[in-house]
Amino acid sequence: MALTVRPATRADLPALAHLIVELYQSELPGVLTGPVEKQAELLRFTLEANGDKALYHRYVLCDDYGAIIGTGMIEFPGDERFDRAPDGTVAAAVRTLGALRATRLLGAAVRALFGVYRHSDPQSALIHSVVVTARERGRGAGAVLMDHLEHTIRSHRHARARLQVLAWNTAAQRFYARRGYVEIWRSSGWRAMLSWPSVVMEKALDSVEATPPSYPTLESHLFWNDSVP
Ligand SMILES: CC(C)(COP(=O)(O)OP(=O)(O)OC[C@H]1O[C@@H](n2cnc3c(N)ncnc32)[C@H](O)[C@@H]1OP(=O)(O)O)[C@@H](O)C(=O)NCCC(=O)NCCS
């Protein structure tokens with residue numbers, strides 16, 4: 001299977017919403033509940049409400065037929081953060097999932113706030129929102145996606161990649177460790193009690209390449225400015 005990675009576009013938002021549903025199911029099972037289409041509707045709302053930020057340095061992994069099977073995002077130092085709960089999320093959650101499920105989700109979101117890793121190292125970029133659709137896992141797709149994200153970070157002349165992963169997601173930690181990531185931080189004390197316990201891992205990227213990956217056939221479809229650092 002020939003897999004390709006390209007920047008996400010606005011047209012990808014429905015597929016991205018479904019992938020993020022899968023990310024929730026893997027990382028925080030039981031937190032986002034209700035009919036899958038409704039979950040995806042809510043996540044699509046949060047993506048759309050973020051505007052350009054939802055697509056900034058977000059990439060999609062595609063199979064031979066161009067179908068999207070995975071995604072991942074990079075946050076460079078100084079980038080505006082993607083907002084997981086933009087204005088209107090509470091109302092959208094109640095509308096799509098109902099009051100009870102929305103309350104459970106918002107409780108989890110508040111808990112997550114205590115554990116957010118504040119990225120401050122100017123030499124490293126943060127990889128996040130990495131997910132491969134369940135039926136394609138364990139066959140090397142994630143490795144292709146990570147290769148691309150790391151290459152992009154190197155080409156932006158950053159020396160290290162970092163990522164935050166939930167402490168109980170040991171399968172993902174193994175995946176990252178095999179790629180050379182090492183644990184540099186683990187939540188403890190009050191932070192571990194109040195938030196979802198998590199681990200930050202880092203990988204030194206060997207060399208800085210001069211040219212960023214180019215996407216000549218896609219450039220015209222992008223609605224954000226790819227030249228912003
Ligand atoms: C982690 C993930 C992106 C890796 O993608 P992938 O396509 O499965 O990765 P690869 O095929 O290149 O590598 C497989 C390795 O990934 C790890 N892995 C993690 N979750 C896995 C899963 N559900 N199924 C298969 N492998 C998984 C395993 O360590 C596996 O190594 P192994 O061969 O020793 O078992 C993918 O499994 C996934 O989307 N998991 C759910 C979401 C998630 O946890 N994201 C990380 C958030 S920080």
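This is a predicted model: local features need pLDDT of at least 70, side-chain atom pairs count only at pLDDT 80 or more; totals for chains, interfaces and linings use all residues.
I begin with the fold. The protein contains 7 helices and 7 strands. Along the sequence they follow the pattern β-α-α-β-β-α-α-β-α-β-α-β-α-β. Of the 229 residues, 30% count as buried. As for the reach of the contacts, consider those between residues at least 6 apart in sequence: 76% of them join residues at least 24 apart.

Next, please turn to helix 1 and helix 2. Helix 1 spans residues 13–27, and helix 2 spans residues 36–49. The two pack at an angle of about 115°, and their axes are 8 Å apart. Their crossing is right-handed. Helix 1 contributes Leu-13, Pro-14, Leu-16, Ala-17, His-18, Ile-20 and Val-21 to the contact, while helix 2 contributes Val-36, Gln-39, Ala-40, Leu-43, Arg-44, Leu-47 and Glu-48. By class, these residues divide into 10 nonpolar, 2 polar and 2 charged.

Phe-45 also lies in helix 2. Is Phe-45 buried or exposed? Phe-45 is buried, because 20 other C-beta atoms lie within 10 Å, and 20 is the number from which a residue counts as buried. Between Phe-45 and Ala-17 there are 8.7 Å in space, C-alpha to C-alpha, and the two are 28 residues apart in sequence.

Apart from neighbours within four places in sequence, Ile-127 is in contact with Gly-72, Ile-74, Leu-149, Ala-161 and Leu-163.

I come now to the ligand. There are 19 residues around it, and Arg-137, Gly-138, Gly-142, Ala-171 and Phe-175 come nearest. Four elements each supply at least two residues of this shell: helix 1, strand 4 (124–132), helix 5 (141–155) and helix 6 (170–178). The largest share, 4 residues, comes from helix 6. In terms of class, the shell has 10 nonpolar, 5 polar and 4 charged residues.

Ser-129 is not a glycine, yet its phi is positive, at about 55°. Ser-129 sits in strand 4. Ser-129 is classed as partly exposed because it has 18 other C-beta atoms within 10 Å, where burial would require 20 or more.

The second case is Arg-157, another residue other than glycine with a positive phi, here near 65°. Where is Arg-157 found? Arg-157 is in the loop between helix 5 and strand 5, the latter running over 160–166. With 13 other C-beta atoms within 10 Å, Arg-157 is partly exposed, since a residue counts as exposed at 12 or fewer.

That concludes the presentation, and I welcome discussion.

Technical notes:
Residues are numbered from 1 along each chain as its sequence is written. A residue is near a molecule or strand if its C-beta atom, placed from the backbone, lies within 6 Å of it. Ala, Val, Leu, Ile, Met, Phe, Trp, Tyr, Cys and Pro count as nonpolar, Asp, Glu, Lys and Arg as charged, and the others, Gly among them, as polar. Axes are lines fitted to C-alpha atoms, for helices over the stretch in contact, and angles run from 0 to 180 degrees between N-to-C directions. A crossing is left-handed if the near helix is turned anticlockwise from the far one by less than a right angle, and right-handed if clockwise. Two residues are in contact if their C-beta atoms, placed from the backbone, lie within 7 Å.
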